[in-house]
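Biologist: I would like to learn how to read a model of this kind. Please take the features one at a time, with the general idea before the case.

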Amino acid sequence: MQLKDSVIAITGAAGGLGRAMAVRLARCGAKTALLDMDEEGLEQTREQCEQAGATSRGYPLDITQEDQVVACFQKLIEDFGGLHGIINNAGVTADGLLVKAKDGKVEKKLSLEDWDKVSKIDMRGVFLCAREAAARMIEHVDAEAPEVRGVILNISSISRSGNVGQTNYAAAKSGVEAMTVTWANELSRHGIRVAAIAPGFCETAMVEKMPRKALDKLKASIPFQRLGKPEEIAHAAQFVMENDYFHGRVLEVDGGLRL
Ligand code: CAA
């Protein structure tokens with residue numbers, strides 16, 4: 001897909017990986033529709049996209065609310081005149097061990113509330129936004145064109161392969177990868193390509209809030225002993241958005257953490 005003059009929606013665009021991806025795509029000439037609950041952060045990302053020379057708009061949105069998602073996509077289509085891609089990046093963590101046993105006492109550590117919170121944002125939110133984006137993209141595509149006309153890029157995580165303390169997040173991100181394959185199977189007939197990126201641990205607020213001991217241990221286990229830079233994930237996102245033969249697969253960008 002040609003990024004120049006395409007319209008790409010990005011969730012979780014107010015900071016971190018979402019901002020880095022939005023700015024990178026803006027530098028490639030894409031018009032960016034920035035979705036997030038954090039209005040201040042959205043404005044900062046919007047300014048950076050505009051500085052990169054691309055039209056950009058921010059849309060305050062809670063991705064877990066169906067009515068808000070429907071209204072938001074309707075508005076952005078009116079504003080931009082179409083939609084060519086979405087990056088489902090918004091996500092949260094609420095880490096906790098499943099149980100902890102000490103001195104013969106067993107404690108349940110991961111609360112149902114934290115299970116629900118993470119699955120609601122990281123999985124239901126992705127479902128709602130992808131469903132809306134797919135419907136709008138199919139409505140606005142050129143029916144004569146045989147090639148890829150829309151792209152859905154889901155942001156998973158290397159944590160999905162069972163990171164300690166992340167039952168909820170690993171389950172949600174595994175769900176995101178399962179949806180990626182299902183949608184790749186379902187949507188190719190409509191000219192929509194679907195893929196995912198599983199980033200490793202990057203220099204973001206999400207990773208920086210990890211307990212120091214856990215972060216140090218983790219860094220020591222990465223072959224290059226450093227966190228990834230958001231720009232390195234954004235670089236991968238550009239590749240996935242542009243490469244029309246990358247479909248139904250997950251690209252792992254983790255510095256070799258999972259070797
Ligand atoms: N591997 C194996 N066992 C571990 C472990 C690990 N990484 N971490 C904890 N444990 C076990 C150990 O038995 C540990 O005992 P020791 O202290 O003797 O090693 C025991 O759990 C208790 O650990 P804590 O004292 O840390 O327990 P806690 O209840 O206070 O916290 C925790 C547990 C919530 C898992 C905490 O350790 C933590 O937050 N760890 C980091 C989790 C993580 O990796 N989060 C990633 C967030 S960033 C992200 O997710 C972005 C992305 O997409 C990649």
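Modeller: Start with overall size: the radius of gyration is taken over C-alpha atoms, and the globule rule is 2.2 Å times the number of residues to the power 0.38. For 259 residues a compact globule would have a value near 18 Å, and the protein has 18 Å, so the two agree. Its C-alpha atoms fill a box of roughly 70 × 35 × 35 Å along the principal axes.

Biologist: What limits apply to the reading?

Modeller: This is a predicted model, in which local features need pLDDT of at least 70, side-chain atom pairs count only at pLDDT 80 or more, and totals for chains, interfaces and linings use all residues. Residues are numbered from 1 along each chain as its sequence is written. The pLDDT is the predictor's confidence in each residue, from 0 to 100. The mean pLDDT of the protein is 96, with 98% of its residues at 70 or more. For the complex, the predictor gives an ipTM of 0.92 and a pTM of 0.96.

Biologist: How many helices and strands does the protein have?

Modeller: Helices (H or I, at least four residues) and strands (E, at least two) are DSSP runs, numbered from the N terminus. The protein has eight helices and nine strands.

Biologist: Which residues touch the most other members of the largest nonpolar core?

Modeller: Burial comes before that. A residue is buried if 20 or more other C-beta atoms, placed from the backbone, lie within 10 Å of its own, exposed if 12 or fewer, and partly exposed in between. Buried residues make up 43% of the 259 in the protein. A nonpolar core is a set of buried Ala, Val, Leu, Ile, Met, Phe, Trp, Tyr and Cys residues joined through C-beta atoms within 7 Å. The largest one has 69 residues, and Ala133, Ile152, Leu153 and Ala237 touch the most other members. Helix α4 (residues 112–140) gives the most to this core, with 10 residues.

Biologist: With which residues is alanine 237 in contact, leaving aside neighbours within four places in sequence?

Modeller: Two residues are in contact if their C-beta atoms, placed from the backbone, lie within 7 Å. By that rule, and with those neighbours left aside, alanine 237 contacts Met21, Arg24, Ile87, Leu153 and Ile197.

Biologist: Is methionine 241 buried or exposed?

Modeller: Methionine 241, in helix α8, counts as buried because it has 26 C-beta neighbours inside 10 Å. Beyond four places in sequence, methionine 241 is in contact with Met1, Leu3, Leu25, Gly85, Val151 and Leu153.

Biologist: Where does phi take a positive value in a residue other than glycine?

Modeller: Most residues other than glycine have a negative phi. Glutamine 225 has a positive phi, near 50°, and sits in the loop between α7 (212–220) and α8 (230–242). With 9 other C-beta atoms within 10 Å, glutamine 225 is exposed. Aspartate 5 also has a positive phi, about 70°, and lies in the segment before β1 (7–11). Aspartate 5 counts as exposed because it has 11 C-beta neighbours inside 10 Å.

Biologist: How many residues surround the ligand?

Modeller: A residue is near a molecule if its C-beta atom, placed from the backbone, lies within 6 Å of it. The ligand is surrounded by 20 residues, the closest being Asp95, Ser157, Val164, Gly165 and Ala214. Ala, Val, Leu, Ile, Met, Phe, Trp, Tyr, Cys and Pro count as nonpolar, Asp, Glu, Lys and Arg as charged, and the others, Gly among them, as polar. The shell divides into 10 nonpolar, seven polar and three charged residues.
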